[in-house]
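Here is a friendly walk through a protein model. Please keep the structure open while you read.

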Amino acid sequence: MLDTLLLSRIQFAANISFHILFPTITIALGWLLVYFKIRFDLSQHPVWMRAYRFWVKVFALTFALGVVSGITMSFQFGTNWPGFMETVGNIAGPLLAYEILTAFFLEATMLGIMLFGFNKVPRWLHTLATLLVALGTTLSAFWILVLNSWMQTPVGFEMRDGVAHATDWLAIIFNPSFPYRFTHMLFASALTVCFLVAGISAYRLYRGDNKKAPRLTLKTALFSAAVLAPSQAFIGDLHGLNTLAHQPQKVAAMEGLWHTEKGAPLVLFAIPDAETQTNRFAIEIPKLASLILTHELEGELQGISDFEDAHPPVAPVFYSFRVMVGTGIAMILVAWWCSLRLYRKNELTPLQYKVLMGMSFSGWLATLAGWYVTEIGRQPYLVYGVLRTSEAVTTVASEQVALTLIMYLLLYAVLLVAYIKTLFWLAKRAIDVEEYDLSLPGLPEKKTEIATEGARV
Amino acid sequence: MSLLTAENLALVFAALTALAVLLYAILDGYDLGVGITLPMKQEAWRDTSIASIGPFWDANETWLVLAVGLLLVAFPAAHSAILHALYLPAALLLIGLILRGVAFDFRAKVKPERKIHWDWTFKCGSLLATFSQGFMLGIYVMGLEYHIGSVIFACFSGLCVTAAYAMIGNAWLIGKTTGDLQFHAIRQCKRAGVWTLAGILTVSAINPLVNANVYQVWTEPPLAYLFAAIPLLCFAMFALGYLALKRLPLPNDRGAWIPFFICKVIFVCSFAGLALSFYPFVVPNQMTLYEAASSKESLTIIFFGAVIVIPIIAAYTAVAYYAFRGKADGLKYY
């Protein structure tokens, strides 16, 4: 039987991995909907409203999954990790409270108007509600990333009798890793949405939907991705340098560096072996890790063996990092390849449609892998240098945790399948709809009407 | 700032947490209530019922996050103690809330033949959530201890809370619907009201027997005279509610919101009764709110945030309720 600590860790990891999938989409999709809505308000062209109508449904479903899985998160702190709040509650508490007060209520209330209020409130109020929902999701990301970043790079507090007390709130909020992590996450969200929108739009077009809306959304998503994906690589690099300055053992695990060395090679792939503290089957580029991280060929990088019992497990961090970077590179290549073709010919090849469909959820993969790097890379600490994960765990019996873990896992598996199937079903239904009603802007148009419609979009 | 002593802050946050729980019980209460009594025979009724809560349920549920959040932030020791004891029912509550929350959206988006499955998910999820909440309340009242007596009581409490939510949910539907569905809601509301009344009477009788200090609060003059007003008002509301439900529906839909209003008063009375019974304990008979409160600096910084933000929340909530006033119509996405 696994112990309570390990089961609680698996349960928390399962909960937060499931949860983060949905905010990752809603944060950026909210702003995309604002863009569609404002374009509609300015141009009055119904195609913008059609794009809005389709994606607002995806938003609603995603948001619902995010809300309910988020409620589970808020309970987990108390049920499984009481030591967390007992030790750093004076800092985590106000941050969570501000998230609820400034973000959760705003997005939840405005969502009602955004989803169902188009015919009930003035146009400007509907646009404002859409804007406030997007603002709410972003604010929520702001506060939770403040807390997470503070757990990675804690500053602005003092310990009294084993309990952290805040001394400088501005330092806590704008802690050293926060600007990097927040930007990196916002871009991750944007890229996830770009590839989701591109993938679903490609699915519709590939299935013979020749309406204007999916072509419009495909173009918006691909051109955005072509700019965002390389920017994300740049931001990620800055984030990595920031991590090197504050959490060198995390970088050592990411790079698979067991021992401190000068002119460290970049390990492209290997199987890290914790027993012998070596990499097996390593494919390396000499000196490149030192060059990237210290900007000197002979720069010194600290290895895992320098940190004795205060370093993370190497293999999961090492592999996750490669999954994230690999997915990111694939995103850059696909975004450029398809954008170029779309720019020149105004349509894609069947192969490109298929590739885009296959990459619909690539953002999830990269985002999850990235979070595994940063979260597992913080181990064995829960709050870096302040509180170990093992010190925070509950005394609830392991059988109870095992039972709830199984329930959550089953539920999440079912919901994930239902979610993805429903997205494609929504797309499929959008292909087939044939109503034509201009009295209500945004109702789907007939397949045949499109070609003759002249307005530029 | 001399008023913001540690003790005053603890009291203010206890009041805020209590307010959040009460608002949650009333607000999510009505939408959970609509869920548990969802009429499975008629699809059109289900659509209208769910349309009536569609724009609101999300914000309603946020009050639970706020309540748990405030407990976590302001009374971390109590939060740990309570959720440690309620680990399994809390997990069941969460699973219920997850199921109903997603069913809400899935039902409107999946293939038509699958819709009924999600309707059942919605109904069962709501039921699981309400029963778990009542069960948790029951265990809490019994001092967070598990023995055969407390579990039986907690199961009974689960049924009563379910009945109370069914009552307020149908009272909401009376205000939000017309015709046959309104008739149906009136009937359901009456039936649920009887069970709620029975539940309140039983809990009121058992609570003082189990907790000595509760007995003291309600019997020691002079305050006991004042407190007596609470159950009197509560039972008067049941009587009034019975009379109102007997006469509804009236021509021009007059008085359709009276049952909902009455339910709100009943919820406030019941909650006030419970809160008074336990004050100053936040974990019954174990921990007072003053012992459980977290540091003064942290509470101060949240206090100012709350003072500024809560009126704003109230304002935009009012906008949302105003936008969706009147009878529920088809749930149209836009």
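A residue is called buried under 20% relative accessible area, exposed over 50% and partly exposed in between (1.4 Å probe, protein chains only). By that rule A:Leu128 is partly exposed, because its relative accessible area is 33%.

This is a predicted model, in which local features need pLDDT of at least 70, side-chain atom pairs count only at pLDDT 80 or more, and totals for chains, interfaces and linings use all residues. Residues are numbered from 1 along each chain as its sequence is written, chains are lettered from A and ligands numbered from 1 in the order in which they are written, and side-chain values use heavy atoms, with hydrogens and water left out.

A:Leu128 lies in helix H4 of chain A. Together with A:Trp31, A:Trp124, A:Leu131 and A:Leu135, A:Leu128 forms a nonpolar surface patch with about 470 Å² of accessible area. Helix H4 (residues 123-152) of chain A gives the most to this patch, with 4 residues.

Now to chain B. UniProt, in an unreviewed entry, lists "transmembrane region" for several spans of chain B, including residues 66-99 and 148-173. Here are those two.

| Span of chain B | Distance between end C-alpha atoms | Helix | Strand |
|---|---|---|---|
| residues 66-99 | 20 Å | 94% helix | 0% strand |
| residues 148-173 | 37 Å | 100% helix | 0% strand |

How do the chains meet? In contact (heavy atoms within 4.5 Å) are 65 residues of chain B and 75 residues of chain A. Between chain B and chain A about 6200 Å² is buried, and carbon and sulfur atoms give 76% of that area.

Conventions
Patches are made of residues with over 30% relative accessible area and no salt bridge: like charges are joined within 9 Å, nonpolar side chains (Val, Leu, Ile, Met, Phe, Trp, Tyr) within 5 Å. Accessible areas come from the Shrake-Rupley method with a 1.4 Å probe; for residues, only the protein chains shown count as cover. A salt bridge is a side-chain nitrogen of Lys or Arg within 4 Å of a carboxyl oxygen of Asp or Glu. Helices (H or I, at least four residues) and strands (E, at least two) are DSSP runs, numbered from the N terminus. UniProt positions are given in the numbering used here, feature names are shortened, and annotations may be inferred rather than shown by experiment. Buried area is the accessible area (1.4 Å probe) that two parts lose on being put together, summed over both.
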